[in-house]
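Please examine the structure shown below together with its sequence. The paragraphs that follow lead through its strands, its aromatic rings and the confidence of the prediction.

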Amino acid sequence: MNDTIKCDNITYFATFPAFFTPWKSVTNMPPKKPRKVPCDLQGNTTSAYDDAIRMSHAMATMMATGSTRIGFLMSPDHDVFCLDFDNVRDPRTGDVVPWAMSIINKFPDAMIEISVSGEGLHLWGRCDKSRLTRKPKDAFVNGGMKVEFF
């Protein structure tokens, strides 16, 4: 099933609006996984709602050094959506559970990236958000595996 996963995020994300930001991982108390926290150009923690940290994918890519990574800020101000699949991928084999693949295969023009943990996937696409019937952050759970809509 690995051959269906598209990971050319540089080409795909370059078409997105300038809603990218650098982020860093902040450790939580176990067993919680680390949080992704937006940061400014100096690496200081900031708010995702700070317009000053929004930048193009190219600019954010230049900022991503060391432990700083690139994040995309979800907003009603653009047409981008994300389906966040948790615990659906075996990081050793790359195999994805069938129910998640059945959803992913319904979006042939979307870009899929592997999550930081290696056990999840993010499906990125574009849509007319005015036609959506579900609210962002809705979650669907299937036996410990979860998909969230942003």
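In which sense do β5 and β6 pair, and over how many bridges? The two strands are antiparallel, and four bridges join β5 and β6. This is a predicted model, and the description below should be read with that in mind. One of the places where the two strands face each other is at isoleucine 114, which stands opposite leucine 121 in β6. β5 and β6 form a hairpin, and six residues lie between them. In the turn of this hairpin, glycine 118 has a positive phi of about 85 degrees.

Strand β6 also pairs with β4, again in the antiparallel sense, over six bridges. Aspartate 84 has histidine 122 in β6 as its bridge partner. How far is strand β6 covered by the rest of the structure? Five of the six residues of β6 (residues 121-126) are buried, so the strand is largely enclosed by the rest of the structure.

A further group of strands can be considered next. Three strands form an open sheet, and their order is β2-β1-β3, with antiparallel pairing. The edges of this sheet are β2 (35-38) and β3 (69-72); each has a single partner strand, so one side of each is left without a neighbour in the sheet. From one strand to the next, the twist averages 50 degrees. Strand β1 (residues 20-26) is joined to β2 by four bridges, and the two run antiparallel. Within this pairing, lysine 24 has valine 37 in β2 as its bridge partner. As a general principle, strands of a sheet pair through backbone hydrogen bonds, either parallel or antiparallel.

The structure holds two aromatic pairs. In one of them, the ring centres of phenylalanine 81 and phenylalanine 107 are 5.8 Å apart and the ring planes are at 55 degrees, so the pair is tilted. Phenylalanine 81 belongs to strand β4 (residues 80-86), whereas phenylalanine 107 is in the loop between α3 (98-104) and β5 (111-114), so the pair ties together parts that are 26 residues apart in sequence. Phenylalanine 81 has 6% relative accessibility and therefore counts as buried, while phenylalanine 107, at 30%, counts as partly exposed.

The other pair consists of phenylalanine 85 and tryptophan 99, whose ring centres are 6.3 Å apart and whose planes are at 50 degrees, so this pair is tilted as well. Here, too, distant parts of the chain are linked: phenylalanine 85 is in strand β4 and tryptophan 99 in helix α3, 14 residues apart. Both phenylalanine 85 and tryptophan 99 are buried. Another ring, that of tryptophan 23, has lysine 36 over its face, at 5.6 Å from the ring centre.

One backbone feature also deserves attention. Asparagine 87 is placed in the loop between β4 and α3. Its phi is near 60 degrees, a positive value in a residue other than glycine. With 42% relative accessibility, asparagine 87 counts as partly exposed.

Finally, how confident is the prediction? The chain has a mean pLDDT of 77, and 82% of its residues reach 70 or more. Among the elements of the chain, α3 has the highest mean pLDDT (90), and strand β7 (residues 139-142) the lowest (60). Over residues 1-6 the pLDDT is below 50, and this stretch has 17 contacts in the model beyond near neighbours in sequence.

Definitions and conventions. Residues are numbered from 1 along each chain as its sequence is written. This is a predicted model: local features need pLDDT of at least 70, side-chain atom pairs count only at pLDDT 80 or more; totals for chains, interfaces and linings use all residues. Side-chain values use heavy atoms; hydrogens and water are left out. Rings of Phe, Tyr and Trp (its six-membered ring) pair if their centres lie within 6.5 Å; planes under 30 degrees apart count as stacked, over 60 as edge-to-face and the rest as tilted. Buried means under 20% relative accessible area, exposed over 50%, partly exposed in between (1.4 Å probe, protein chains only). A charge sits over a ring if NZ of Lys or CZ of Arg is within 6 Å of the ring centre and within 35 degrees of the ring normal. pLDDT is the predictor's confidence in each residue, from 0 to 100. Contact means heavy atoms within 4.5 Å. Two strands pair if DSSP finds at least two bridges between them. Axes are lines fitted to C-alpha atoms, for helices over the stretch in contact, and angles run from 0 to 180 degrees between N-to-C directions.
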